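Please look over the structure below before reading on. The questions that follow go through its chains one at a time.

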Amino acid sequence: MSTHNSPNSDPQASQSQAGKTNLRNYGLVRWIDYRLPFVGFIEKDLIGYPEPKNLNYWWSFGSLAGITLLVMILSGIFLAMHYIPNTEMAFNSVESIMRDVNGGWLIRYIHMNGASLFFLVVYIHIFRGIYYGSYKSPRELLWIIGVVILLLMMATAFLGYVLPWGQMSFWGATVITNLFSAIPVIGTPITTWLWGGFGVGNPTLNRFFALHYLLPFVIIGVAMLHLLALRTHGSNNPLGIEVRSKADTIPFHPYYTVKDLFSLGVFAIVFAVLVFYMPNALGEPDNYKPANPLITPAHIVPEWYLLPFYAILRSIPSKLGGVLAMGGAIFMLFILPWLDRSRVRSCTFRPIYKVLFWVFVVDCLLLGYLGAKPPEGWYLIGSRLAAAWYFIHFLILTPLVGWFETPKPLPVSISLPVLPSTALPQEKH
Amino acid sequence: MRIRHVISSLGLLAWAGLAGGLMLDRAAAEEAAKPLARQDWSFNGMQGTYDRAALQRGFQVYKEVCATCHSLSLLSYRNLGGGKGFAAGDESASGPGFSEAEIKAIAAEYKVKDGPNDQGEMFERPARPSDRFVGPFANDNAARAANNGSLPPDLSLMIKARANGADYVYALLTEYGDAPGGFQLTEGMNYNAAFPGHQIAMPQPLHGDDVKYADGTKATIEQEAHDVVQFLAWAAEPNLEARHRLGIEVLGFLVILTGLFFVLKRRIAKRLGLH
């Protein structure tokens, strides 16, 4: 990791190049760093790491996602200390957390709303990646690992939503697990195997709890890969052109640490408003009714962050077709780096794709709205049109636009824009 | 450029058509259901708190009217106290504010099955403040048998288990009436304008003067409904006041901290001469 840990480098030697605040002035730090280059790692990969100097606030959402993941894991561990994964006791154990555990209501509301905010942050992060072409060469694997994280998040969120064992938990679990029965021939045995019985029941709840505890740690692992891939070619930037020289970059610390801290502050305010003043606004009232296998809720709807996919699922009249379309919707993200034929990354220089991008954003929001509505009449027609547009956007328009669009002229470098007369002030350091 | 305009105008047209269609549909849907009248609850808003007197009156309505059929299984008698004693050690929790002696007396009115004792026998004893609220029926089947086959739901979370729960339950309690002409009411059901489908198994529970309030408040049907909704809202979300108080402190802290981060960010960015 560090240049200081090669065998022929004397730990004493690094002292000479150290500034007055260098941790290596301390003997113990030097001793450890010679054997385990921890300080070297922090210096190279966190403090001195060169980032493009023109990153805007949309680039804060990556670090926000990481922090939200940690908040979810911490609050989740404390909830798990009081939660009972048994169909007879799960609902009341959650209510006992809300009523009898000191501060339990706070931890649960943080976990509940944190899930929503995690998706919000990650969706913005993904749309940012699409707008600025962050998925293009050489960052295709970085992007794909990110889509894997999204899939893992969806699975984790679904499993977690089942745990309170309310009406929506139970019926959501029934609907989603039943999707697997659409697979020809082996579908029904697979569903039975997932349930651990012939319906959603106690074995299902038990394994869902085990998996819900496991998957976040898998997400941490994949997020590490995401970071590793990110560090290989560095961050993309709003101009979408590669860093050419040192003049194009600034060190991560203090410039982006302080910028990310400010973003974190704003995010925490939004989080606090949700948790303290509208903790149930994003949830379904039906989930405060204990699960009842004999009564089906009038409308079974997933949480808001899965609604666009739910709308796509229901827009196809056949079950297998719906499941394939929903899977296909995610698959589009996997192949996006190869669907987009344009060599220009950033929408700043792509007049047509930029319009398509915003239409696509509206399309996704519309799908989300329609996913919450009953699949009938105009709602159904609307979700069919919107679902069709989703696929037309990826499969037809994205490749086509790449061919015929004339991009605006690209700047020579991040520091040197196209015309000298509009030059940004030069960097001082 | 021309292509861009064609695409955007086509897109706009398509979305406008769709939006228009959706709005028509929405209008049709809203015609069917009467909008819920919004009440001015003391617990609404960022500084909302429960009204202690209303909680005590509401408990009386629950105890003397609702409890005939509805359980409140997530509450214990000790919860009826004030600040202390709700959740052990949690002084921020709030309740109707009955005194310890009052709570003991209320609990003692109910019998709970306990045991086995040292003879190995189950026995009945008066309830204690630490016991959960004793429900009106031994089990769900007994409840159905006594109620024409319908199961009166537990009320512990009723306000949170319905959209705009407080307004909804208030409307439900006050909007009983005669079925309009042409409405097919099933035998044994009752007409209620607020209930989805307008047919409800529960007969009208409040008529006015169902209870005699200890504090002399006139027990109109609106007053009773208002009080019992306050009580049920507290039962569903007993930590609301603590949440509202802590929220102000947390937000105040975060706003100042974020402001400081912003100033720091501006100062550090100045070194680059960029922003």
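Surface, burial and confidence

Q: What share of the accessible surface of chain A belongs to carbon and sulfur atoms?
A: Accessible areas come from the Shrake-Rupley method with a 1.4 Å probe, and for residues only the protein chains shown count as cover. For chain A the accessible surface is about 20000 Å², and the part belonging to carbon and sulfur atoms is 73%.

This is a predicted model, in which local features need pLDDT of at least 70, side-chain atom pairs count only at pLDDT 80 or more, and totals for chains, interfaces and linings use all residues. Residues are numbered from 1 along each chain as its sequence is written, chains are lettered from A and ligands numbered from 1 in the order in which they are written, and side-chain values use heavy atoms, with hydrogens and water left out.

Q: Which side chain of opposite charge is nearest to A:R314?
A: Lys and Arg count as positive and Asp and Glu as negative, while His and the chain ends are not counted. A salt bridge needs a side-chain nitrogen of Lys or Arg within 4 Å of a carboxyl oxygen of Asp or Glu. A:R314 lies in helix α12 (residues 307-315) of chain A. A:R314 is buried but has no salt bridge, and at 8.5 Å the nearest side chain of opposite charge is A:E376.

Q: In what order do the elements of chain B run?
A: Helices (H or I, at least four residues) and strands (E, at least two) are DSSP runs, numbered from the N terminus. Chain B has seven helices and four strands. From the N terminus on, their order is α-α-α-β-β-α-α-β-β-α-α.

Q: Why is α6(B) described as largely enclosed?
A: Helix α6 of chain B covers residues 221-236. It is largely enclosed by the rest of the structure because, of its 16 residues, the number buried is 13.

Q: How many contacts beyond four places in sequence does the model have for residues 84-89 of chain B?
A: pLDDT is the predictor's confidence in each residue, from 0 to 100, and contact means heavy atoms within 4.5 Å. Over residues 84-89 of chain B pLDDT stays under 50. Where pLDDT is low, the predicted coordinates should not be read in detail. With that caution, the number of such contacts for residues 84-89 of chain B is 14.

Methods
Expected span 1.5 Å × (residues − 1). Buried < 20%, exposed > 50% of the residue type's maximum accessible area, 1.4 Å probe, protein only.
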